[in-house]
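Please work through the following exercises with the structure open beside you, and try each task before reading its solution.

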Amino acid sequence: MIQLIQNNLFYGLPNEGPYAHLATYIEICNTIRLAGVPEDAIRLSLFSFSLSGEAKTWLHSFKGNSLKTWDEVVEKFLKKYFPKSKTAEGKAAISSFHQFLDESLSEALERFHGLLRKTPTHGFTESIQLNIFIDGLRPQSKQLLDASIGGKNQVEDPYRSHVSH
């Protein structure tokens, strides 16, 4: 189990995704069940094995058993490695999305989804996400979408009717 966890080490580097780390860590922890032991106790006791370098030093900076629950660990971890400034950066990247000149429609969609995954706390509703995506497309891609559902008027109604600009 520890070896599996250590295959997904988090170092606290700027390019690492703390949400992705937690998701993988929880997925690994969910593969084990011990009679009479709550899953949060397992997560809590094994979490330090998923960290290395600066991140492990950070975790050990908490005195004794000051982090008593898994929720506390997650809250402190995300506050440290995904602060509000990172959320603001992610929201800015999402809201300023534009399709690249050499990017296909499907590549643009995948990149947009990547931006959304990178900042899971972005707070944009699905309809706002759709507007941001469509507004960021090149005219040729918008025409392709229009044609794929039968014309411009039909595109504007489903995408825009319930969202004001």
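**Exercise 1.** In this predicted model, find which residues of the largest nonpolar core touch the most other members.

*Solution.* Begin with the membership of the largest nonpolar core, which counts 21 residues, and then look for those with the most contacts to other members, which are Leu22, Tyr25, Phe47, Leu51, Trp70 and Phe77.

**Exercise 2.** Determine how the axes of helix H2 and helix H3 cross, and name the residues through which the two helices meet.

*Solution.* First, locate H2 at residues 18-29 and H3 at residues 39-46, whose axes come within 10 Å and cross at roughly 120°. Angles over 145 degrees would count as roughly antiparallel and those from 65 to 115 as roughly perpendicular, and H2 and H3 are therefore oblique to each other. The handedness of this crossing of H2 and H3 is right-handed. Then turn to the residues, where Tyr25, Ile26 and Cys29 of H2 meet Ile42, Arg43 and Leu46 of H3. Sorted by class, this contact has five nonpolar residues, one charged residue and no polar ones.

**Exercise 3.** List the residues in contact with Tyr25, leaving aside neighbours within four places in sequence.

*Solution.* Once those neighbours are set aside, the contacts of Tyr25 are Ile5, Asn8, Ile42, Arg43, Leu46, Phe47, Ser50 and Trp70.

Terms used. Residues are numbered from 1 along each chain as its sequence is written. This is a predicted model: local features need pLDDT of at least 70, side-chain atom pairs count only at pLDDT 80 or more; totals for chains, interfaces and linings use all residues. Side-chain values use heavy atoms; hydrogens and water are left out. Axes are lines fitted to C-alpha atoms, for helices over the stretch in contact, and angles run from 0 to 180 degrees between N-to-C directions. Helices (H or I, at least four residues) and strands (E, at least two) are DSSP runs, numbered from the N terminus. Angles under 35 degrees count as roughly parallel, over 145 as roughly antiparallel, 65 to 115 as roughly perpendicular and the rest as oblique. A crossing is left-handed if the near helix is turned anticlockwise from the far one by less than a right angle, and right-handed if clockwise. Contact means heavy atoms within 4.5 Å. Ala, Val, Leu, Ile, Met, Phe, Trp, Tyr, Cys and Pro count as nonpolar, Asp, Glu, Lys and Arg as charged, and the others, Gly among them, as polar. A nonpolar core is a set of buried Ala, Val, Leu, Ile, Met, Phe, Trp, Tyr and Cys residues joined through side-chain atoms within 4.5 Å. Buried means under 20% relative accessible area, exposed over 50%, partly exposed in between (1.4 Å probe, protein chains only).
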